[in-house]
Amino acid sequence: SDVKHIGDNGNQRKIFLRTTMPVRDGAKRPLVGVIDDGTKTVRFVIYEAERSDELVSYQMDKTEVQPQEGWSEQDPLEIMHHIKLCAENAIDQLVELGYTKDDIVTLGITNQRETTIAWDKYTGEPLHAAIAWNDIRTDSTVDAILAKIPDRNKNYFKNICGLPISPYFSALKMRWLKDNVKAIRRASRDKRLLFGTVDTWIVWNLTGGPQGGLHITDVSNASRTLLMNLETLNWDPILCRLFGIHRDTLPQIRSSSEIYGTVKDGSLLDGIRISGILGNQQAALVGQNCMQAGQAKNTYRSGCFLLYNTGTRRVKSTHGLITTVAYKLGPDVPAVYALEGSIAVAGGAMKFLRDNLRLMQDVAADTEHIAAQVFSTGDVYFVPAFSGLYAPYWRKDARGIICGLTAFTTKNHIIRAALEAVCFQTRDILEAMNKDCGMPLSKLHVDGRMTSNDLLMQLQADLIGIPVLRAQAWDMSTLGVALVAGGAAGVWGAEAARATHSDTFLPTTTDDDRDARYTKWKMAVQRSLGWATNKKSFTMTEERYKLLASIPATLYLIGSFTMLVVSKMLNNS
Ligand SMILES: Nc1ncnc2c1ncn2[C@@H]1O[C@H](COP(=O)(O)OP(=O)(O)O)[C@@H](O)[C@H]1O
Ligand SMILES: O=P(O)(O)OC[C@H](O)CO
């Protein structure tokens with residue numbers, strides 16, 4: 001093939017190979033539109049059938065609201081508003097290329113997973129802000145659920161749904177909404193309540209909303225709720241009872257690739273079919289063409305998610321990974337499963353260093369350059385456990401630490417340590433995956449915006465000791481869902497043009513060096529655990545907030561002072 005040896009690119013540590021991008025031939029093909037709702041951005045991307053590079057795209061940033069420490073909310077109406085604007089802008093670009101919107105044959109949807117929305121079935125009004133996947137307000141909800149389970153074992157239901165009980169998953173967010181938001185309890189009582197992950201909200205709105213909108217989700221998204229049975233691929237009665245979620249409020253679970261319906265919202269997309277839905281990490285697995293059992297990919301965005309395709313076999317992890325549905329390519333074909341290692345904070349740590357510590361101005365432009373000015377982190381380790389640690393630890397009591405600081409430490413070391421943290425977390429996942437699967441992974445396919453950082457890629461290869469294969473474009477999620485949507489609509493054949501990797505980063509370290517650094521990382525992780533246990537978390541629910549707001553300030557101060565005195569007396573007694 002057209003593999004070209006680039007050599008060391010002026011840097012002795014960097015060795016990579018590159019394949020060339022396909023050349024556009026000017027032929028007009030049917031188009032597939034993709035809606036991508038991510039944590040931070042909404043995108044609309046248009047692909048031509050049989051081509052793996054995007055034709056046009058448009059992206060908008062979203063507003064993240066953090067009403068309290070650890071809370072993260074999004075506006076469901078803003079999501080729909082941005083989708084329309086992104087679609088309009090992408091279609092404007094299409095027209096400039098000589099296409100019309102009628103050339104878009106079908107639509108696919110890929111989305112941030114677990115983020116949960118509740119709305120009124122008759123008015124379409126959201127009943128609360130969307131609670132984002134990485135929001136940890138449900139800490140005490142987790143404790144209340146665990147109290148009902150033998151030995152408070154968070155893995156008790158892993159056989160059924162593949163997941164541990166954690167604030168990450170949607171059922172906890174649904175339970176919290178029912179416990180804390182009066183409008184949701186009322187809607188539930190009046191049988192007006194609908195719950196959904198973001199894909200469900202988008203499809204319901206696009207297909208008519210209160211006027212007959214489809215209340216559906218796909219297996220890949222449903223497998224992230226803690227409510228779906230991985231074997232039956234349906235809502236599990238035991239889990240629904242445990243979390244107190246009525247079946248009627250949940251969407252129907254469908255395959256990831258079939259014609260679900262047609263857009264009926266009066267927008268530019270009106271009349272176009274919808275034929276693919278995939279959670280964004282599962283979509284990247286498809287986009288990276290990891291469709292055989294034994295293949296794996298890692299996507300580096302705000303978080304980082306390593307998925308290992310296990311075929312039609314559900315592998316139960318005994319080392320802290322989760323079992324999830326990768327995809328189901330039609331109503332009548334079996335589901336394909338994956339083992340997943342989810343990392344809550346990857347690129348998010350760079351944004352933290354930029355916004356909170358002001359160590360740089362622009363993540364994309366500055367990170368690599370600043371980190372490359374030093375040869376190592378100077379023994380500094382950064383564990384970015386801002387909202388606890390996900391796989392393989394699942395410790396909601398962990399908090400972020402930077403350790404090993406000396407008087408010589410500079411921002412260069414800290415930024416480099418943040419990059420290495422992403423690589424060490426990936427090694428944590430790989431260690432667990434190799435133990436669960438029994439066969440060590442020999443190479444790792446990677447994608448996500450962060451992978452444009454060559455230093456990160458080289459550090460990753462060095463710290464895991466296997467080749468890292470970077471995808472031809474950073475965004476494999478939209479390509480993945482374009483493939484499954486195009487497949488169902490008959491515009492993309494089974495032998496579809498799939499993405500290839502463009503660069504290979506080879507390890508340049510010895511086993512001893514790699515292992516010594518990893519041992520130090522594990523020491524740092526140990527120090528981050530248990531930090532949040534002593535903190536009295538005061539959950540500011542909507543109702544408590546209103547109550548507090550209605551108390552005059554002086555009365556509130558006197559009350560707080562009295563409570564302080566009483567608690568001191570009790571402590572002393
Ligand atoms: N060159 C880079 N080096 C390091 N981190 C980067 C670089 N470019 C982007 N990032 C990080 O990657 C993330 C980009 O994620 P993005 O693709 O926008 O996904 P998300 O929807 O999860 O925010 C951001 O958190 C950003 O800090
Ligand atoms: O939009 P991202 O990349 O932050 O995706 C988040 C994941 O889907 C959460 O599980």
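This note walks through a predicted model of one chain with two ligands.

1. Ground rules. Residues are numbered from 1 along each chain as its sequence is written, while chains are lettered from A and ligands numbered from 1 in the order in which they are written. In this predicted model local features need pLDDT of at least 70, side-chain atom pairs count only at pLDDT 80 or more, and totals for chains, interfaces and linings use all residues; side-chain values use heavy atoms, with hydrogens and water left out.

2. Overall make-up. The chain has 573 residues, and 57% of them count as buried. Buried means under 20% relative accessible area, exposed means over 50%, and partly exposed is in between (1.4 Å probe, protein chains only). There are 17 helices and 25 strands. Both are DSSP runs numbered from the N terminus: helices are H or I with at least four residues, strands are E with at least two. The accessible surface of the chain is about 23900 Å², and carbon and sulfur atoms hold 53% of it. Accessible areas come from the Shrake-Rupley method with a 1.4 Å probe; for residues, only the protein chains shown count as cover.

3. Contacts along the sequence. Take the contacts in the chain with a separation of 6 or more: 71% of them join residues 24 or more positions apart. Contact here means heavy atoms within 4.5 Å.

4. Cores. The largest nonpolar core has 133 residues, and Ile165, Leu227 and Phe243 touch the most other members. Helix H12 (residues 411-437) provides the largest share of this core, 13 residues. A second, separate core has 37 residues, including Leu31, Ile35, Met80 and Val203. A nonpolar core is a set of buried Ala, Val, Leu, Ile, Met, Phe, Trp, Tyr and Cys residues joined through side-chain atoms within 4.5 Å. Look at Leu227 in particular. Beyond its neighbours within four places in sequence, its contacts include Ala171, Met174, Trp235, Phe243 and Leu250.

5. Ligand 1. 16 residues surround ligand 1, and the closest are Lys40, Arg301, Ser302, Gly347 and Asn453. A residue is near a molecule if one of its heavy atoms lies within 4 Å of it. Polar side-chain atoms lie 3.2 Å from a ligand 1 oxygen in the case of Arg301 and 3.3 Å in the case of Arg449. Asn453 has a side-chain N or O atom 3.0 Å from a nitrogen atom of ligand 1. On its own ligand 1 exposes 580 Å², and the protein buries 95% of that. Helix H10 (347-355) and helix H11 (363-371) each supply at least two residues of this shell. H10 gives the most, four residues.

6. Ligand 2. The residues around ligand 2 include Gly38, Thr39, Trp133, Tyr168 and Phe305. The side chain of Glu114 puts a polar atom 2.6 Å from a ligand 2 oxygen. For Asn280 the corresponding distance is 2.7 Å, and for Arg113 it is 3.0 Å. The protein covers 99% of the 310 Å² of accessible area that ligand 2 has on its own.

7. Shell classes. The ligand 1 shell has five nonpolar, seven polar and four charged residues. The ligand 2 shell has three nonpolar, five polar and three charged residues. Ala, Val, Leu, Ile, Met, Phe, Trp, Tyr, Cys and Pro count as nonpolar, Asp, Glu, Lys and Arg as charged, and the others, Gly among them, as polar.

8. Backbone points to check. A cis peptide bond joins Ala391 and Pro392, with omega about -5°. Pro392 sits in the loop between strand S21 (381-383) and strand S22 (401-403). Arg358 is not glycine, yet its phi is positive, near 55°. Arg358 is in the loop between H10 and H11 and is exposed, at 68% relative accessible area. Asp379 also has a positive phi, near 70°. Asp379 lies in the loop between H11 and S21 and is partly exposed, at 40%.

9. A buried asparagine. Asn309 lies in strand S18 (residues 304-311). Asn309 is buried, with a relative accessible area of 0%. Its side chain makes a polar contact with the side chain of Tyr327 at 3.2 Å. A polar contact is a pair of N or O atoms within 3.5 Å; within protein, one must be able to donate a hydrogen and the other to accept it, and residues adjacent in sequence count only if both atoms are side-chain atoms. A polar atom of the Asn309 side chain also lies 2.7 Å from the backbone nitrogen of Gly311.
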